[in-house]
Amino acid sequence: MADHGAAGRLSAPPDENPIIFEQKRAAARAAAALVRDGMRVGLGTGTTVAHLLPAVAELGCRELVCVATSPATEAAAVSLGLTVLPLDSVPELDLAIDGADQVDPCAWLVKGGGGAHTREKIVAAAASRFVVIASADKAVPAIHSPVPVELVPFGVEHTLAMLDPSRLRESAPTPDGGVLADYLGPVEDPRELSRRLSSTPGVVEHGLFPPEMVSEVLIADAGGVRRQPGGKA
Ligand code: 5RP
């Protein structure tokens, strides 16, 4: 899992595998084809989403309204001419599109490698349809650690002790003032771990996204873009 820092870096590392690069691009372009003029669309964060933004801008939709999940995405989207509004200025989103660090066969996700998972989860939950875009390397047989967590700065060492084993990230605070860390222990049952993380005092949000949040996953591999259904109607 790449740590893009708290601001959610969008540019791919210079040494990124060209096959992975092309797969991210293919998945992103397949998702951009779902965008229609007049929609309200949530834009995720990360190097896969970096391919989505120009593909959406190329559509030339004049009435499209976007909501960004990070300052980095907002800056990139605005620079491409997209209209970006705060989430609270729109009643609901028609579609949200985002990357993931891991996708399992049931559509459980791990997100937050870019440290933006709290806003990403809020935006995904605000959308009628949440589409995940991923290169083939993100598909895993079972979710595993690290699982990103955003923590309240107050008493962070105590919170970390309750999440043992876990490790603070060496990154700037999130745009919402949170501290980023990763839970490093076994996952086994993602739902049970979700409950544990959510009920730990000091945890703002964790990076486990359940299948019922996910409408579909577009995974690009050597054969093209494959559609994996999620658990959201
Ligand atoms: C950011 C995220 C990203 O969607 C996730 O880390 C995948 O990033 P990338 O597309 O760069 O591999 O959750 O918080």
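How far does a polar side-chain atom of Asp101 lie from an oxygen atom of the ligand? The distance is 2.6 Å. This is a polar contact, a pair of N or O atoms within 3.5 Å. The model is predicted: local features need pLDDT of at least 70, side-chain atom pairs count only at pLDDT 80 or more, and totals for chains, interfaces and linings use all residues. Residues are numbered from 1 along each chain as its sequence is written, and side-chain values use heavy atoms, without hydrogens and water.

A backbone N or O atom of Gly114 lies 3.3 Å from a ligand oxygen atom. For a polar backbone atom of Gly113, the distance to a ligand oxygen atom is 3.4 Å. On its own, the ligand has 380 Å² of accessible area (Shrake-Rupley method, 1.4 Å probe). The protein covers 97% of that area.

An open sheet is formed by 3 strands in the order 4-5-11, with antiparallel pairing. Strands are DSSP runs (E, at least two residues), numbered from the N terminus. Two strands pair if DSSP finds at least two bridges between them. Strand 4 (102-103) and strand 11 (208-209) are the edge strands. Strand 4 pairs with strand 5 (residues 109-110) over 2 bridges. Gln102 stands opposite Val110 in strand 5.

The structure holds 0 disulfides, which are pairs of cysteine sulfur atoms within 2.5 Å. The sulfur of Cys61 is 8.9 Å from the closest cysteine sulfur, in Cys66, so it is too far for a bond.

Conventions
Helices (H or I, at least four residues) and strands (E, at least two) are DSSP runs, numbered from the N terminus. A polar contact is a pair of N or O atoms within 3.5 Å; within protein, one must be able to donate a hydrogen and the other to accept it, and residues adjacent in sequence count only if both atoms are side-chain atoms.
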